[in-house]
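I opened a new page for this chain and wrote down what I looked up, entry by entry. Have a look at the model first, and then follow along.

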Amino acid sequence: EHTLEQAGADMWNLKRDGGRWNIFRFGPESHNTLMFNGERHNVEEVAQITEVFNSSRHHGAVVDLTPTFAGMAASVKRTVELDKSDYLLVTDHIVAGAKPTKVEWRMATNAEAEIIAPNIIQLTQEGKTMYLRLRTRAVSDAVIWSDHQYQEYEARDANLRRVGFVLDLRAGEVVDVEVTLSAERGKKGISLPKINLGLGKKNRR
């Protein structure tokens with residue numbers, strides 16, 4: 001961060017419009033998260049864990065992200081759970097705001113990535129394969145985003161990619177966005193191989 005400060009980056013302004021979030025490693029574009037219309041998160045807000053469950057069938061938690069996306073969506077709640085077979089399921093329950101919205105479901109990875117269906121992304125690393133599989137009623141596409149264009153003073157992240165899905169929501173639309181991660185393409189849930197997930201980059205214009 002010392003080098004960034006020397007380059008004039010406003011590192012310690014932690015407000016939403018602060019220069020810190022222009023740095024790729026710190027901003028939302030490099031993280032495993034949602035984005036609405038490309039806007040930054042409300043970083044001064046707090047996302048509450050509203051439920052934790054741990055049973056023989058599954059275990060996980062629900063996080064109310066509504067304050068994080070206030071002004072961008074009417075409601076956002078994310079559930080992350082592992083079932084009894086250790087398949088990972090991430091479900092976002094979204095109530096769109098008063099205007100049409102583009103939602104980006106993002107994940108960062110070091111793995112090689114390939115879109116093999118409009119709703120499936122294949123990740124491959126060190127001889128192991130994992131699939132991201134989207135299920136939703138919303139209009140959507142799988143995406144591998146283009147490499148990030150770093151500022152000259154930013155440290156580069158070698159071999160990082162940003163993958164995920166883009167959804168177009170109508171004003172007020174209510175949808176569930178369900179993404180499973182699995183070692184088997186056809187499974188409803190998805191078992192996690194040992195893939196080193198990092199920060200992110202690759203192939204949408």
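**Notebook: chain overview**

I counted one helix and twelve strands in the chain; helices (H or I, at least four residues) and strands (E, at least two) are DSSP runs, numbered from the N terminus. Along the sequence I read the pattern α-β-β-β-β-β-β-β-β-β-β-β-β.

I noted that this is a predicted model, where local features need pLDDT of at least 70, side-chain atom pairs count only at pLDDT 80 or more, and totals for chains, interfaces and linings use all residues. Residues are numbered from 1 along each chain as its sequence is written, and side-chain values use heavy atoms, with hydrogens and water left out.

**Confidence**

I looked up pLDDT, the predictor's confidence in each residue, from 0 to 100. The chain has a mean of 80, and 70% of its residues reach 70 or more. Where is confidence lowest, and where highest? Helix α1 (residues 2-6) is lowest at a mean of 55, while strand β5 (residues 88-96) is highest at 96. Over residues 188-205 pLDDT stays under 50, although the model has 84 contacts beyond four places in sequence for them; contact means heavy atoms within 4.5 Å.

**Burial and surface**

The accessible surface of the chain comes to about 10900 Å², and carbon and sulfur atoms hold 47% of that; the areas come from the Shrake-Rupley method with a 1.4 Å probe, and for residues only the protein chains shown count as cover. Of the contacts between residues at least 6 apart in sequence, 61% join residues at least 24 apart.

**Strand β6**

Next I turned to β6 (residues 101-109), where eight of the nine residues are buried. Which strands pair with β6? Strand β1 (residues 34-36) runs antiparallel to β6 and is joined to it by three bridges; I took pairing as at least two DSSP bridges between two strands. Here L34 has W105 as its bridge partner. Strand β11 (residues 161-169) also pairs with β6 in the antiparallel sense, over nine bridges, with T109 opposite R161.

**T68**

Last, I checked T68, in the loop between β3 (58-64) and β4 (73-83). Is T68 buried or exposed? T68 is buried, because its relative accessible area is 11%. Leaving aside neighbours within four places in sequence, T68 is in contact with H41, N42, E45 and A47.

Terms used. Buried means under 20% relative accessible area, exposed over 50%, partly exposed in between (1.4 Å probe, protein chains only).
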